[in-house]
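My entries are below, in the order in which I made them.

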Amino acid sequence: MKNKAAIEFAQLKHLLAVNDRTVLASAVLAIMLAWIESHLIPTHILVIWLSVMLLVSIARVAISRYHIKHPTYHHELIKERLMIFRVGLMLSSIIWGVISLVVIHHGLLEQQLFVSYVIAGLSAGAVVSYSIDRISAMTYLVFAVLPTLFGFIWVGHEISMPMAFAGFVYVAFSVYSINSYHNSLVESILLRRQAVEREEEIKRLAFYDVLTSLPNRRLLSDRLHHALVMSRRSGRRGALLFLDLDHFKMLNDTLGHSMGDLLLKQVAERLKQCVRESDTVARLGGDEFVVMLEDLSEERAIAKQEVEQITNQILEHLNVPYQLGELEYISTPSIGAAMFGDHGESHDELLKHADIAMYQAKKSGRNVVRMFDFDMRADVPIKRSSH
C-alpha cells in the first residue's frame with residue numbers, strides 16, 4: 001500500500017511537471033493545423049474545433065498549476081487529481097481524433113498525411129512524457145491515433161491503406177515502449193524510495209533511541225550545544241532536567257525486562273506531553289531521561305519559577321499509575337535541574353551537574369526535584385550505587 005501511494009505521488013508530480021510544455025506544443029500545432037486546413041474545411045467547423053481545443057488546454061494548465069501550488073500527500077486526493085489529469089488528457093486526445101476524421105472527410109490525401117504526421121509526433125511525445133502513468137499514455141494513443149488509422153481504412157486509398165497498416169505497427173511499438181518505460185520508471189521510483197527509507201533508518205538509529213524513539217545522547221548533545229549558543233545570543237535562559245525512575249531495577253528483576261520496556265515507553269509519552277514543542281525530551285539509556293527546556297525568561301528568578309512549574313507538572317504526570325498489561329504499577333521519578341549559564345557553560349558540565357542534583361533528589365527521599373548547587377559536588381560519592 002505504501003509503495004502504491006509513493007508511485008501514484010511520483011506519477012502525479014511528473015505529469016504536472018510536464019503538463020505545461022505538452023499542452024503548449026499541442027495548442028501551437030492545433031493553431032498551425034487550423035491555418036493550413038482553413039481553405040479546405042468550413043470555417044465554422046475549424047473555429048469550433050480550435051476554440052474547444054484551446055479552452056481545454058487553458059483549463060488543463062490552470063488545474064495543473066493549482067495542484068502544483070497546493071500539493072497534497074493524502075492518498076485519496078492524489079488518486080482524485082490523477083483521475084482529473086487523465087480526463088483532461090483524454091479530452092485533448094479525443095479532440096485530435098475528431099479533427100483527423102474531419103480532415104479525412106474534407107481534405108485531400110496530402111492534408112490527411114500531414115494530420116497523421118502531426119498526431120504521430122504528438123503521440124510520440126506522449127509516450128515519452130506520460131509513460132510514468134500507463135493509463136495516460138495509452139489513453140492518448142487510443143483516442144488520438146486510432147481514429148486516424150480507422151479513417152485511412154475507411155478512405156481505402158492505395159496509399160492510405162499501407163499508411164493505416166504502418167500506423168497499427170506504430171501503435172503496437174508504442175504500447176511496447178509505454179510498458180517498458182513505465183516499468184523502468186516505477187522501478188526507479190521504488191529504488192529511490194528504498195534509498196530514502198534506508199537513509200532515514202540510518203539516521204534514526206544514529207540519533208534516536210530504538211525503544212522510545214526519543215532523541216539519544218548524541219542528538220541531545222547537538223541540540224544542547226545549539227541551545228547554549230542561542231541562549232548566550234538572545235539572553236533567554238534554559239535548563240536541563242535529569243530524570244531517573246525510582247526502583248526501576250526492582251521492576252526489571254521481579255517482572256522482567258519486557259515490563260520495564262513497557263514502562264519506559266509510557267514514561268517517554270508522558271514526558272512529551274509535559275513540555276513545549278521547543279523543548280527536547282531524550283533518553284540517555286536505561287531509566288535515565290533528560291529534558292532540555294529552552295526559551296525561558298531572561299530574569300533568573302522567573303526562569304527558575306518556570307522550571308519549577310514544569311517539573312511539578314512532570315512529577316504529577318509520572319506519579320499517575322501505569323497500566324503494564326494487567327498490572328497497575330506506580331513509578332516515581334527523581335529529578336535534578338541545572339540552569340544554563342548559572343550551573344555550567346558546556347553541555348558536559350550541565351549534564352554532570354543535573355545528574356548530581358538528581359542524586360541529591362534520590363538522597364532526599366526520591367520523587368522530588370532538586371536544583372543544582374555547587375555545594376552538592378562535595379557530597380557526591382566516588383562510585384554511586386544502583387538507583
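**Entry 1: ground rules.** I am working with a predicted model, in which local features need pLDDT of at least 70, side-chain atom pairs count only at pLDDT 80 or more, and totals for chains, interfaces and linings use all residues. Residues are numbered from 1 along each chain as its sequence is written, and side-chain values use heavy atoms, with hydrogens and water left out.

**Entry 2: whole chain.** I looked up the secondary structure and found 11 helices and 7 strands. These are DSSP runs numbered from the N terminus, helices being H or I with at least four residues and strands E with at least two. Along the principal axes, the C-alpha atoms fill a box of roughly 105 × 45 × 30 Å.

Entry 3: Buried means under 20% relative accessible area, exposed over 50%, and partly exposed in between (1.4 Å probe, protein chains only). Of the contacts with a separation of 6 or more, 69% join residues 24 or more positions apart; a contact means heavy atoms within 4.5 Å. The chain exposes about 20500 Å², and carbon and sulfur atoms supply 61% of that area. The areas come from the Shrake-Rupley method with a 1.4 Å probe, and for residues only the protein chains shown count as cover. I also looked up the charges: there are 39 positive and 41 negative ones, and their mean positions are 2 Å apart. Lys and Arg count as positive and Asp and Glu as negative, while His and the chain ends are not counted. Each charge is placed at NZ of Lys, CZ of Arg, CG of Asp or CD of Glu.

Entry 4: Why is strand 2 largely enclosed by the rest of the structure? I found that 5 of the 6 residues of strand 2 (residues 280-285) are buried, so the strand is largely enclosed. Strand 3 is mostly covered, with 8 of its 9 residues buried. Strand 2 and strand 3 (residues 288-296) pair in the antiparallel sense over 5 bridges; two strands count as paired if DSSP finds at least two bridges between them. Within this pairing, R283 stands opposite F289 in strand 3. The hairpin of strand 2 and strand 3 has 2 residues between the strands, and G286 there takes a positive phi near 55°. Strand 3 also pairs with strand 1 in the antiparallel sense, over 7 bridges, and A239 stands opposite L293 in strand 3.

**Entry 5: V275.** I located V275 in the loop between helix 9 (257-274) and strand 2. Is V275 buried or exposed? At 15% relative accessibility, V275 counts as buried. V275 touches V281, V291 and L293, not counting residues up to four places away in sequence. V275 and Q313 are 38 residues apart in sequence, with their C-alpha atoms 9.0 Å apart in space.

Entry 6: I checked H247, a residue other than glycine with a positive phi near 60°. H247 sits in the loop between strand 1 (237-245) and helix 8 (248-255), and is partly exposed at a relative accessible area of 39%. For N367, also a residue other than glycine, phi is positive and near 60°. N367 is in the loop between helix 11 (347-363) and strand 7 (369-371), and counts as partly exposed at 27% relative accessibility.

**Entry 7: two distances.** W35 is in helix 1 (residues 2-36) and is exposed, with a relative accessible area of 66%. I read 9.0 Å between the C-alpha atoms of W35 and L46, which are 11 residues apart along the chain. D373 lies in the segment after strand 7 and is partly exposed at 38%. D373 and F207 are 166 residues apart along the chain, and 31 Å separates their C-alpha atoms.
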